[in-house]
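We will go from stop to stop, selecting a few residues each time.

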Amino acid sequence: MVKVVNTLPVALLASDPNQTGGHRVLFMSGDDVDAKTEVSGLLTRAGFAAIDLGGLADGGRLHEVPGGLLTNLNLIRLG
């Protein structure tokens, strides 16, 4: 299991992830390295920048809805 795509509103996710010379950031966490690699590749091919926060126990809390510190942050990774 990989936790991802849960911190931004649907309308924002549906918009172009390529912004201002960069890519919209999506946070992910999970305990299965192979699964995270696969999901990261899918997100990258879709134009997003995937940020791996580690395992579910720690990283998952950072983008938990509601209350996670990274919820509703519309960040762009430049470069």
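Begin with charged pairs. A search of the whole structure finds 2 salt bridges. A salt bridge here is a side-chain nitrogen of Lys or Arg within 4 Å of a carboxyl oxygen of Asp or Glu.

Before selecting anything, note the ground rules. This is a predicted model, so local features need pLDDT of at least 70, side-chain atom pairs count only at pLDDT 80 or more, and totals for chains, interfaces and linings use all residues. Residues are numbered from 1 along each chain as its sequence is written, and side-chain values use heavy atoms, with hydrogens and water left out.

**Stop 1: the salt bridges**

Select D52 and K36. Their side chains meet in a salt bridge, 3.1 Å from N to O. D52 lies in strand β4 (residues 49-52) and K36 in helix α2 (residues 33-45), so the pair ties together parts that are 16 residues apart in sequence. Helices (H or I, at least four residues) and strands (E, at least two) are DSSP runs, numbered from the N terminus.

Which of these two is buried? K36 is buried, with a relative accessible area of 9%. D52 is partly exposed, at 41%. Buried means under 20% relative accessible area, exposed means over 50%, and partly exposed is in between (1.4 Å probe, protein chains only).

Now select R61 and D58. This salt bridge spans 3.9 Å, N to O. R61 is exposed at 53% relative accessibility. D58 is exposed too, at 56%. Side chains of opposite charge can pair when their charged atoms come close.

**Stop 2: the nonpolar core**

Select V2, L8, L13, L26, M28, L43, F48 and A50. These 8 residues form the largest nonpolar core. Such a core is a set of buried Ala, Val, Leu, Ile, Met, Phe, Trp, Tyr and Cys residues joined through side-chain atoms within 4.5 Å.

Zoom in on L8. Leaving out residues up to four places away in sequence, L8 touches L13, R24, V25, L26, N72, L73 and N74. Contact means heavy atoms within 4.5 Å.

**Stop 3: N6 and its partners**

Select N6, in the loop between β1 (2-4) and α1 (10-14). N6 is partly exposed, at 27% relative accessibility. What does N6 touch, not counting residues up to four places away in sequence? The partners are H63 and V65. Look at the backbone oxygen of H63: a polar atom of the N6 side chain lies 2.8 Å from it. For a distance check, pick the C-alpha atoms of N6 and T37. These residues are 31 apart in sequence and 18 Å apart in space.

**Stop 4**

Most residues other than glycine have a negative phi, and most peptide bonds are trans.

- P66 is in the loop between α3 (59-62) and β5 (76-78).
- V5: phi is positive, about 60°, although V5 is not a glycine. V5 sits in the loop between β1 and α1 and is partly exposed, at 38%.
- T20: phi is positive, about 45°, and T20 is not a glycine either. T20 sits in the loop between β2 (18-19) and β3 (22-30) and is exposed, at 72%.

**Last stop: confidence**

Color by pLDDT, the predictor's confidence in each residue, from 0 to 100. The protein averages 93, and 100% of the residues score at least 70. Among the elements, α2 has the highest mean pLDDT (97) and α3 the lowest (89).

Note on methods
A polar contact is a pair of N or O atoms within 3.5 Å; within protein, one must be able to donate a hydrogen and the other to accept it, and residues adjacent in sequence count only if both atoms are side-chain atoms.
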